[in-house]
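Here are some questions and answers for someone meeting this structure for the first time. They start from the core and move on to the sheet.

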Amino acid sequence: ADKRGDKSPDSLAGSLADKLTEKTASPAPPAQASAPLDADASGQVYRYVYQVAAFPDPVSAQEYRTKLAGLGLASSLEKTVDASGRAWHRVLVNFTGAPEDTRGLKDKLAGLGVSRVILRDKKPK
């Protein structure tokens, strides 16, 4: 006696396929794409942490932090060790503002020759 009732493996697979098709056929991406823009336009403020440089030498990292302070940017250092055992001193810029405010931050960093930043953290304030 089969305790599964009338559900054969083929009918279960067909039912699952129907459910997956229903979920993937919905036009959700446009709604998701506009949601972050609406949230940011509401004036949401975030705390950002960007990695802007990494130095093997802690003195060089500290000198770079001094340059950032000269631009009015708050920063911190994070020491890490790579797979080969080499120490690196990451320079992190701490910034609080709305997403559109990050353009000004990136402009300031470009003045120091920073063309790319790595977003390490972003949390609502």
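**Core and sheet**

Q: How many residues are in the largest nonpolar core, and which have the most contacts inside it?
A: The model is a predicted one. Its largest nonpolar core has 15 residues. Those with the most contacts inside this core are Val 52, Tyr 64, Leu 68, Val 91, Val 93, Leu 105 and Leu 109.

Q: Which element supplies the largest share of this core?
A: At least two core residues come from each of strand E1 (46-55), helix H3 (58-70), strand E3 (87-97) and helix H4 (102-110). The largest share is five residues, and the strand that gives them is E1.

Q: Which strands stand at the edges of the sheet, and why is one side of each left without a neighbour?
A: The sheet is open, with four strands in the order E2-E3-E1-E4 and antiparallel pairing. A strand with a single partner has no neighbour in the sheet on one side, so the edges are strand E2 (74-81) and strand E4 (118-124).

Q: Which residue in E4 does Gln 51 stand opposite?
A: E1 and E4 run antiparallel and are joined by six bridges. In E4, the residue opposite Gln 51 is Ile 118.

Q: What angle does the direction of H4 make with that of E1?
A: H3 lies across E1, E2 and E3, at about 20° to E3. H4 packs on the sheet as well, touching E1 and E3. The angle between the directions of H4 and E1 is about 15°.

Methods: Residues numbered from 1 in each chain as written. Predicted model: local features only at pLDDT ≥ 70, side-chain atom pairs only at ≥ 80, totals over all residues. Heavy atoms only, no water. Core = buried A, V, L, I, M, F, W, Y, C linked by side-chain atoms within 4.5 Å. Buried < 20%, exposed > 50% of the residue type's maximum accessible area, 1.4 Å probe, protein only. Pairing = 2+ DSSP bridges. Contact = heavy atoms within 4.5 Å. Axes fitted to C-alpha atoms, helices over the stretch in contact; angles between N-to-C directions.
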